[in-house]
Amino acid sequence: MVSKKLCRAGTVALAGAAAAASAACLIASLNPHVVCTTSGLALVYTVRDGSGNRVRVLRTGGVYQSSTYLGDRRMEPVFAYYRAFDRVFEVRPKAHRILAVGGGGFAFPKLVAAEHPGVRTDVVEIDPAVIRIARRWFYLDDAVALARASGGDLRVICDDGRAFLERDPDPYDAIALDAFVGAEPVRSLATVEALRAARRALVPGGICLMNVVSRDGGCDVSFLRSVVATALMVFQHVEVILATDDTHAEEDNYLVVASDGPLGLPDAIPYDSSFLGDVLYDAR
């Protein structure tokens, strides 16, 4: 006869083994990869969204930096704010030369390659490890081939975004600024001096788009207020739209759109002078 104590011990052992097996299966299903980047360790793994679609994510500094669907939808952005960048073609339908500062998983350049034939996109990414991640797991090379097949191009430049802008490149129709280190924005791309460099790199009436993320679960928008105030020091027109993804993001994303030409976004969030925060300058 087996004692009750042994039975209980056996039950606990079986439960522990089952939990360990379940955890092992979960880890295997995520298909994780750890990569060293200049800003620390990055984790690439696969999850499922609310509809059961497989989504590969890039996570650094405890936050999602980018994502991609797998298979036929691999050129389609997962996060709402990447889709919001595409609003540039609503305001400037004939835009054909675009600069994106900050590569990550190259979600917005992939969308341009898939949906806007003939457009030339330059992407400046400071971290060569991030570029390698995008090529291996986020279909960057597929997007390059797609862009070129349509008569456009997708060029990847490993460089510091601010330094690239200050070299006065040939002008672009639009510039998308989306550079983060973990959850922290790259402040050197949000100052008056940086936006002046961006304005010089735009054609007359060109558009500068900036992704800005809230803090404290959406309660703290102080950086957004400062970015808007700073942009108004450089551009004649500055509008803000909400680009939050309730499914995937813990914070709110806002797209700040600036230009010397009229914008007229129908869903722009109204604000007045009391909303404006401190203007951001380079350290002096």
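What follows covers cavities, aromatic pairs and charges over rings.

## Ground rules

This is a predicted model, so local features need pLDDT of at least 70 and side-chain atom pairs count only at pLDDT 80 or more, while totals for chains, interfaces and linings use all residues. Residues are numbered from 1 along each chain as its sequence is written, and side-chain values use heavy atoms, with hydrogens and water left out.

## The largest cavity

Rolling a probe the size of a water molecule over the atoms shows where empty space is left. Here there are two cavities of 30 Å³ or more. A cavity is a set of points, on a 1 Å grid over the protein atoms alone, where a 1.4 Å probe fits but cannot get out; lining residues have an atom within 4 Å of a point. Points are joined across faces, edges and corners, and the volume is the space filled by probe spheres set on them.

The largest cavity holds about 130 Å³. Of its 13 lining residues, Leu177, Pro185, Val186, Ala190 and Asn211 are nearest the centre. (Helices are DSSP runs of H or I, at least four residues, and strands are runs of E, at least two, numbered from the N terminus.) By class, the lining has eleven nonpolar residues, one polar and one charged. Nonpolar means Ala, Val, Leu, Ile, Met, Phe, Trp, Tyr, Cys and Pro; charged means Asp, Glu, Lys and Arg; the others, Gly among them, are polar.

## The second largest cavity

This one comes in at about 70 Å³. Its lining includes Tyr82, Phe85, Phe106, Phe108 and Asp178. α4 (107–115) is one of the elements that supply at least two lining residues, and its three are the largest share. The tally is nine nonpolar, two polar and one charged.

## Rings and charges

The whole structure has six aromatic pairs. Rings of Phe, Tyr and Trp (its six-membered ring) pair if their centres lie within 6.5 Å; planes under 30 degrees apart are stacked, over 60 edge-to-face, the rest tilted. Tyr271 and Phe275 make a tilted pair, because their planes sit at 40°, with centres 5.8 Å apart. Tyr64, Phe79, Tyr81, Tyr82, Phe85 and Phe108 form one cluster.

A charge sits over a ring if NZ of Lys or CZ of Arg is within 6 Å of the ring centre and within 35 degrees of the ring normal. Arg73 does this over Tyr69, at 3.9 Å from the centre, and Arg74 over Tyr139, at 5.8 Å.

Terms used. On a 1 Å grid over the protein atoms alone, a cavity is a set of points where a 1.4 Å probe fits but cannot get out, and a pocket is an open set with protein on both sides within 12 Å along at least five of seven lines; lining residues have an atom within 4 Å of a point.
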